[in-house]
Amino acid sequence: MVTMSSDKGGGRRKNDNQQISSSNQAGTPTHDDSPNHLVYAKMEAIIERMQDETNGVPVRTVKSFMSKIPSVFTGCDLILWMMKNLDVDDQAEALHLAHQMASHGYLFPIDDHMLTVKNDNTFYRFQTPYFWPSNCWEPENTDYAVYLCKRTMQNKTRLELADYEAESLARLQKMFSRKWEFIFMQAEAQSKVDKKRDKLERKVLDSQERAFWDMHRPMPGCVNTTELDIKKACRMNKPSTSKSGPSTSTEQAECAQKEIATLKSKLDRSNIKMSKVAESYINYFEQYIEYDPFFTPPDVANPWTS
């Protein structure tokens with residue numbers, strides 16, 4: 001028999017995660033460094049409303065006979081909250097919006113590598129702000145190797161590697177064969193730190209880390225939403241052509257003087273018609289054509305070619 005109880009510690013853990021993320025984000029780039037920062041800002045505003053303790057999505061701890069599943073909510077609760085609190089026309093639009101937010105890593109199913117949302121009793125969990133895509137940091141292959149290696153050290157069914165993850169681990173082990181010992185030591189150290197955490201907290205953190213890698217290293221057939229659109233990247237790095245007007249009268253006078261000097265230099269420049277230019281070129285070449293070996297062969301034969 002499965003019962004549902006409210007997660008009173010969820011708010012405290014959420015505040016702790018926000019404090020940790022704010023301290024870790026000090027050295028990360030700002031939102032403006034990403035061409036999708038406007039989309040991320042809108043999604044994060046909705047997520048913050050969803051995580052409100054009074055008017056947000058009801059987050060619970062699911063209790064069964066042998067175990068507990070902390071800090072989860074169902075797909076039905078999520079869609080119902082979106083229909084009630086957001087400006088969506090129907091259930092299909094709410095489901096599409098939820099799917100987009102899941103594909104960008106803001107919420108995820110706890111038992112599936114595919115980041116989608118279904119309108120049923122499937123359990124989902126919110127991602128910690130530290131792993132939000134707005135942090136603008138792209139993990140490296142060495143980080144992924146440490147994560148997969150750490151997963152192999154933990155003898156738990158929920159942490160077993162999927163087939164594509166096992167293939168990725170074998171490929172990374174071959175790629176980083178010279179420094180695999182260092183990667184293994186890092187994974188071992190992280191595994192020891194994880195074992196010291198509370199059991200329920202470790203479950204939540206393991207699922208959040210797994211969802212982070214499911215977004216950055218998705219399973220075959222899934223879309224990688226972290227890849228930058230080349231058009232957006234070029235548009236973001238393109239220098240702005242709009243010029244802001246001068247603010248003071250002194251700057252206005254300097255700009256006017258520069259413009260006057262430019263116009264005077266254009267007036268003083270001598271302008272010649274194209275026909276005159278062509279005629280002068282023709283006269284020049286006719287005058288010196290006898291000195292051009294391409295048109296007038298030399299009188300004395302070249303001993304090197306004869």
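Predicted model: local features only at pLDDT ≥ 70, side-chain atom pairs only at ≥ 80, totals over all residues.
User: Why are helix 2 and helix 3 called roughly perpendicular to each other?

Analyst: Helix 2 (residues 37-50) and helix 3 (residues 75-85) pack at an angle of about 110 degrees. The roughly perpendicular class takes in 65 to 115 degrees, so the pair gets that label. Their axes are 12 Å apart.

User: Which residues make that helix 2 and helix 3 contact, and what classes are they?

Analyst: From helix 2 you have Ile46, Arg49 and Met50, and they meet Leu78, Trp81, Met82 and Asn85 of helix 3. By class, that contact has 5 nonpolar, 1 polar and 1 charged residues.

User: What makes Ser71 buried?

Analyst: Its relative accessible area is 11%. Buried means under 20%, so Ser71 counts as buried. Ser71 lies in strand 3 (residues 68-74), and its phi is near 55 degrees, a positive value in a residue other than glycine.

User: How do you know where confidence is lowest and where it is highest in the protein?

Analyst: Go by mean pLDDT: helix 1 (residues 9-24) is lowest at 46, while strand 5 (residues 123-126) is highest at 94. Over residues 8-31 the pLDDT is below 50, though this stretch has 23 contacts in the model beyond near neighbours in sequence. Residues 240-244 also stay under 50, and there the model has 0 contacts beyond four places in sequence.

Methods. Residues numbered from 1 in each chain as written. Heavy atoms only, no water. Axes fitted to C-alpha atoms, helices over the stretch in contact; angles between N-to-C directions. Helix = DSSP H or I, 4+ residues; strand = E, 2+ residues; numbered from the N terminus. Parallel < 35°, antiparallel > 145°, perpendicular 65-115°, else oblique. Contact = heavy atoms within 4.5 Å. Nonpolar A, V, L, I, M, F, W, Y, C, P; charged D, E, K, R; others polar. pLDDT = per-residue confidence, 0-100. Buried < 20%, exposed > 50% of the residue type's maximum accessible area, 1.4 Å probe, protein only.
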